[in-house]
Amino acid sequence: MSEVRVKKSIEEINRRINQGKAVVVTADEMVDIVAEEGPKNAFKKVDVVTTGTFGTMCSSGAFINFGHTKPKIRASKVWFNEVEAYGGIAAVDCFLGATQVKEEDPLNKVHPGRFEYGGGHVIEDLIAGRSVRFKARGYGTDCYPLRELEKEVCLQDLRNAYLYNPRNAYQNYNTAANLSERTIYTYLGILRPNLGNVNYSTSGQLSPLLNDPFYWTIGVGTRIFLGGAPGVVSWAGTQHDPDVKRGENGVVREGAGTLAVTGDMKEMSPEFIRGASIVGYGCSLMVGLGVPVPIINEDMAYFTGVANRDLFYQVIDYGLDYPNGINRSLGEVSYEQLMSGSIELQGRTVPTAPLASYSMAGRISRILKTWILENRFSLGVPQVPLPTTAFDRDRYPKLNY
Amino acid sequence: MPTETVSRNVLLIFNREIMYNPVIYQAVMKFGILFNILEARIWPRQEGRLVLQLEGEEKRLEQAISYLEQEKVRVEILAERIKRDLERCVHCGACTGVCKTGALDLDRRSMEVMFDPEKCVLCGQCRMACPMAAMSMASIDMDVLTAR
């Protein structure tokens, strides 16, 4: 971006990391530093702010190459523990989606369904080193004669297993309420009728993209923490949208940017990648993800210092509005209010519950900080920027610090 | 002299021989304890089950429970039957939105989920809400043999 003044380059920060001189703090710590010393001093003092998030991210999955067999197979149908993976790619490649449910699952026939096992659980089982039942079927060709294959495999037996998540780390996300007259079971949890409760799923001031609201430092090639191992931002995530409502501090007030991310499952830890069963909705994957944010100028110090009380989320009705595609907000709440356990909405006090783990997000930000301080992790220089919106300082009066 | 009262949530199982005896009434009269019916289910002429909150002076409460057992009521202390698997729990907090008694609640400083089994009334909502299948418990429908 032409209007972004880089006063400290990522290359320079990497040199400091290499020399053991870099100052690295978590986003939680940065909030206090900026509150006490202001963005200008914080910029001089801090090189990198580490972020983290841990929650259900449905748009996730794994590209798996299970290696050639003797005789060879062109597998067109593939299953892991009875969970089907998409086999419509090369002979022994497939894509296992996080939300794919085990065959013969009763789904929502008895509502709300339990969705005990799916793609996310297979991914967790593999990363945990547990063996899974692998099945493949091919139609037989001259070059790939084998038609059926069945065996136990574990992660080490697979030639490649890469986590490939098309959309993670949503920058801001809906807070869910229910204005209808029955209990509903959603991907944002169980929602009681008549505004009985609200659920939210974000890690507030620790969220990766809320710390870089205009994507000045995060782009394709940014190295990240993914599932306990180093990973990378591989593209803008699906539905990435920089042109949404922003506050006076420049931070988005509704769902906006997203990241597509990739990493090697063989290096990951089952602590940070978990299969999830969401009652009445389906299977999914809980993903632990953290992004280091280089403080390239004073504005980045300001953004990484934005606190939970200054981050706002839209409350959306999942009873009628959301399922019917009606774009309406019931009101705006701060992350600080959400975290307190109740919010004021439409003249009522409504209890809140999170679905993303703030404590795990904090842990991820601290682990990433340690990696960098110990010079085990350097920052990636973005090769392709994420689509963004023009930065007009006059529109964001709070940036006149 | 003021006495300290304690509260226990229990599942009582009445088999067909005793299910029509007024033993709860007797326990209340003999030991002066309070009770609150949280859930009840009766399979006529087969079995009856009650989830009760019992409240009273600790000694009296224990005497009442012994009395019930003496009357051949099977008594399950619920707090002993409810477990959170800490290996599975990721402290997401989904359970805290459905827990009505405050047995599961977030520590607002650490944002970790705290669990107090003494407050649990076995409603089973947390087990439904937990995406990690971390909660296991007895319920009024529990299979007595497998739960042992």
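1. How many residues does the contact take from chain A, and how many from chain B? Chain A gives 25 residues and chain B gives 17. Two residues count as in contact if their C-beta atoms, placed from the backbone, lie within 7 Å.

2. This is a predicted model: local features need pLDDT of at least 70, side-chain atom pairs count only at pLDDT 80 or more, and totals for chains, interfaces and linings use all residues. Residues are numbered from 1 along each chain as its sequence is written, while chains are lettered from A and ligands numbered from 1 in the order in which they are written.

3. On the side of chain A that touches chain B, several elements supply at least two residues each, among them strand S3 (53-56), helix H5 (335-340) and helix H6 (358-373) of chain A. S19(A) gives the most, with four residues. Helices (H or I, at least four residues) and strands (E, at least two) are DSSP runs, numbered from the N terminus.

4. By class, this side of chain A holds 14 nonpolar, 10 polar and one charged residue. Nonpolar means Ala, Val, Leu, Ile, Met, Phe, Trp, Tyr, Cys and Pro; charged means Asp, Glu, Lys and Arg; the others, Gly among them, are polar.

5. Chain B is assigned domain 1 (5-79) and domain 2 (83-142). The bounds come from an automatic or database domain assignment. The C-alpha centres of the two domains of chain B lie 25 Å apart.

6. Within chain B, 10 residues of domain 1 are in contact with seven residues of domain 2. On the domain 1 side, S2(B) has the largest share, three residues. That side has five nonpolar, one polar and four charged residues.
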